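Good morning, and thank you for making time for this presentation.

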Amino acid sequence: MSVMQAPEGRIDIRQLSIVLGTGAQAFEAVQGLDCQIEAGQFVCVLGPSGCGKSTLLGALAGHLQPRTGTLDVDGVSVSGPSPQRGMVFQQHTLFPWRSVRDNVAFGLKMRGLGKAERYRAADEILALVGLEGFAGHWPDQLFGGMQQRVEIARVLVNRPRLLLMDEPFGALDALTRLRMQELLLDIWTRIRTTVVFVTHDIDEALFLADRLLVMSPRPGRIIEDLRLDFARPRTTELVTHPEFTRLKRHCLELLHYAEGRQLPRLNPLGLPETSLPRFAL
Ligand SMILES: Nc1ncnc2c1ncn2[C@@H]1O[C@H](COP(=O)(O)OP(=O)(O)OP(=O)(O)O)[C@@H](O)[C@H]1O
Ligand SMILES: [Mg+2]
């Protein structure tokens with residue numbers, strides 16, 4: 001009899017508050033945050049600078065402990081870092097003295113896998129991110145987009161439940177960024193891990209995600225939770241779709257939301273553009 005295995009990577013956050021700093025400088029960076037994310041979902045988190053996005057990712061990675069509330073992955077409380085919850089940052093963190101292959105295989109080495117096995121796994125993941133032929137290169141020999149591919153490979157080689165991404169394409173030029181977004185979606189269709197992707201870029205968030213969470217200014221709370229049902233595979237034509245424009249306008253208003261003001265509501269469908277309030281950037 002075969003046993004159906006539940007997909008891994010479900011996130012359950014309840015009343016999460018995180019305090020940063022110590023003593024008189026201590027402050028709440030994230031406050032009373034509630035959120036459930038299904039296994040395999042692609043979630044983008046958008047919010048103004050300093051609202052606590054990286055703090056939230058840090059808690060998911062296990063680097064920061066909650067002050068109050070709970071944070072579970074697949075029903076187990078996150079109590080510290082784990083290869084099952086890997087992070088990709090904006091700047092690469094590759095070891096410059098190790099080859100691309102050794103960088104990718106490093107996590108497996110730490111876990112005691114033999115050389116042949118970890119190289120086989122590393123080469124398989126490098127092919128997945130489109131870097132076959134670059135295994136013997138040094139990180140400095142790669143362009144920005146390629147370094148970020150190695151970062152992604154380094155996380156994915158551990159077959160993580162969560163892929164956590166903190167503005168991973170923020171330092172790339174526009175065209176490379178677009179290519180990386182398409183590549184990431186392509187990878188994600190093949191390795192259905194849960195992705196939590198933080199970005200400042202509304203277009204990027206709407207293009208990538210199944211679901212978009214928008215955070216308030218500090219202390220960060222979730223002020224919008226949008227389901228994005230655009231068909232996949234997504235192509236760049238999506239950005240000219242009227243529904244994309246409608247959601248983009250709403251996100252812009254949300255990013256300008258300040259405590260005490262009325263929370264922007266999504267305009268009803270079918271309203272002519274001209275009847276929508278003009279938004280000053
Ligand atoms: N270790 C720390 N000690 C004190 N304050 C901190 C620390 N780390 C971050 N902060 C502050 O905490 C707040 C939340 O930071 P966080 O990095 O989570 O924001 P963010 O939403 O990721 O911002 P950005 O979009 O600029 O990356 C910010 O005001 C930041 O300046
Ligand atoms: Mg940040």
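**The ligand site, the helix packing and the backbone**

In this model, which is predicted, His-200 places a polar side-chain atom 2.9 Å from an oxygen atom of ligand 1. Two further side chains make contacts of this kind. In Lys-53, a side-chain N or O atom is 2.7 Å from an oxygen atom of the ligand. For Arg-218, the distance from a side-chain N or O atom to an oxygen atom of ligand 1 is 2.7 Å.

Let me now widen the view to the whole shell. There are 14 residues around ligand 1, and those that come nearest are Ser-49, Gly-50, Lys-53, Thr-55 and Arg-218.

I turn next to the packing of the helices. Two packed helices are described by the angle between their axes and the distance between the axes. Helix α2, residues 100-110, has two such partners to discuss here.

With helix α4, residues 144-156, the axes come within 7 Å and cross at roughly 30°. Angles under 35 degrees count as roughly parallel, and α2 is therefore roughly parallel to α4. The crossing of α2 and α4 is right-handed.

With helix α3, residues 115-128, the axes are 9 Å apart and the packing angle is about 125°. This angle makes α2 oblique to α3. Here, too, α2 passes its partner in a right-handed crossing.

Finally, some remarks on the backbone. Arg-218, already mentioned for its contact with ligand 1, is joined to Pro-219 by a cis peptide bond with omega near -5°. Pro-219 itself sits in the loop between β9, residues 211-215, and β10, residues 222-227.

A cis bond is also found between Arg-232 and Pro-233, where omega is about 0°. Where does Pro-233 lie? Its place is the loop between β10 and α7, the latter spanning residues 242-255.

One backbone angle also deserves mention. Gln-15, a residue other than glycine, has a positive phi, near 45°. Gln-15 belongs to strand β1, residues 11-20.

Thank you for your attention; I would be glad to take questions.

Definitions and conventions:
Residues numbered from 1 in each chain as written. Chains lettered and ligands numbered in written order. Predicted model: local features only at pLDDT ≥ 70, side-chain atom pairs only at ≥ 80, totals over all residues. Heavy atoms only, no water. Near = heavy atom within 4 Å. Polar contact = N/O pair within 3.5 Å; in protein donor to acceptor, adjacent residues only side chain to side chain. Axes fitted to C-alpha atoms, helices over the stretch in contact; angles between N-to-C directions. Helix = DSSP H or I, 4+ residues; strand = E, 2+ residues; numbered from the N terminus. Parallel < 35°, antiparallel > 145°, perpendicular 65-115°, else oblique. Left-handed = near helix turned anticlockwise from the far one by under 90°.
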